[in-house]
Amino acid sequence: MRTLLGDGDGHFAPAPFEVVESVARVRAVAAADVDGDDRVDLAVGHDRSWSLFLGAEGGGWDAEPVGSFDLPGTGHVLRFVDPNLDGRPDLLSIGGDDSDWDDDDVGLSLFLQRGGPWQDLGFGLAGDDGLPFLFPQGALQPSTPFGLVLRDGAPGAAAWFIFGLSELSLPFKGGVLVPNPLLVLPAPPISGQGVSSLAATWPSGVPSGIQLWVQCWIADASGPAGFTASNAVMGTTP
């Protein structure tokens, strides 16, 4: 892959840095500063995998990828996005199992960067609609967006977000109640697609190192004791 630099007047010339060599067929590329060093890094999609090339000093990219990662299908389109609003670029792959990209067999794969403020602790409790999943959003920085997205909940069921500043992790309704309850907040109605979400702004003045534990419990007759529960998540303020 060769990079052409624009001169701002509609003309392009080969860049004066190393060409990125790929041992696999290139399907798509995407660029972003994924490691925060003010250099643009390059994701390259292949058949059932993608590679990450880190930006090099002076422009361009390292000759060898820092890592290669499996894809469930061919990565026809790559995009860097930030769905969890933690300020760290994550990679979205759009593709399918067929190299011809049949429109009836297209899937999405999302690769989240590790090391952000949130940890997934598990301990979900499944019902007939599957295992509810709680997806936290936000960098936990003062006056920045903060959100919780619940997926695969029982449509139309009542649900509650349980917030705590410490861990309880005791048996409850056939599952495990992970947060030590400090605030119990009714969740917005769960949609017919099993989704409920909560959006707010993270407050100013929260000290660094504060841990927030969150889990969602749902009144669901298909659960072991009339309830299902999402995974628990823990956020740590930077």
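These legends describe close-up views of a predicted model.

**View 1. A stacked aromatic pair, W118 and F146.** The rings of W118 and F146 are stacked. Their centres lie 6.2 Å apart, with 20° between the planes. W118 belongs to strand β8 (residues 118-122) and F146 to strand β10 (residues 145-151), so the pair ties together parts that are 28 residues apart in sequence. Both W118 and F146 are buried. The count of aromatic pairs in the model comes to seven.

**View 2. The largest nonpolar core.** This core holds 19 residues. Which of them touch the most other members? They are F146, L148, F161, F163, L212, V214 and I218. Strands β10, β11 (159-164) and β16 (211-219) each supply at least two residues of this core. The most come from β16, which gives four. In soluble globular proteins, nonpolar side chains tend to be buried together.

**View 3. The surroundings of V214.** V214 is one of the core residues that touch the most other members. Neighbours within four places in sequence are left aside here. V214 is then in contact with L134, L148, I162, F163, P179, N231, A232 and V233.

**View 4. A second, separate core.** This core has 10 residues. Among them are A28, A32, L52 and L91.

**View 5. The largest pocket.** Its space comes to about 270 Å³. The lining of the largest pocket has 17 residues. N84, L112, W118, D120 and P136 lie nearest the centre. Strands β8 and β9 (133-137) are the elements that give two or more residues to this lining. The largest share, four residues, comes from β9. By class, the lining has eight nonpolar, six polar and three charged residues.

**View 6. The second largest pocket.** About 210 Å³ of space lies here. The lining consists of V34, W50, L52, F69, F80, P89, D90, L91, F111, L112 and Q113. Two or more residues come from each of β4 (41-53), β5 (67-81) and β6 (90-96). Nine lining residues are nonpolar, one is polar and one is charged. W50, F69 and F111 also form one aromatic cluster.

**View 7. The second largest cavity.** The model has two cavities of 30 Å³ or more. What lines the second largest cavity? The residues are G127, D129, G130, P132, D152, G153, A154, I218, D220 and T228. Three of these lining residues are nonpolar, four polar and three charged.

How values were computed. Residues numbered from 1 in each chain as written. Predicted model: local features only at pLDDT ≥ 70, side-chain atom pairs only at ≥ 80, totals over all residues. Heavy atoms only, no water. Phe/Tyr/Trp six-rings, centres within 6.5 Å; stacked < 30°, edge-to-face > 60°. Buried < 20%, exposed > 50% of the residue type's maximum accessible area, 1.4 Å probe, protein only. Core = buried A, V, L, I, M, F, W, Y, C linked by side-chain atoms within 4.5 Å. Contact = heavy atoms within 4.5 Å. 1 Å grid on protein atoms, 1.4 Å probe; cavity = no way out; pocket = protein on both sides within 12 Å on 5 of 7 lines; lining within 4 Å. Points joined across faces, edges and corners; volume = space filled by probe spheres on them. Nonpolar A, V, L, I, M, F, W, Y, C, P; charged D, E, K, R; others polar.
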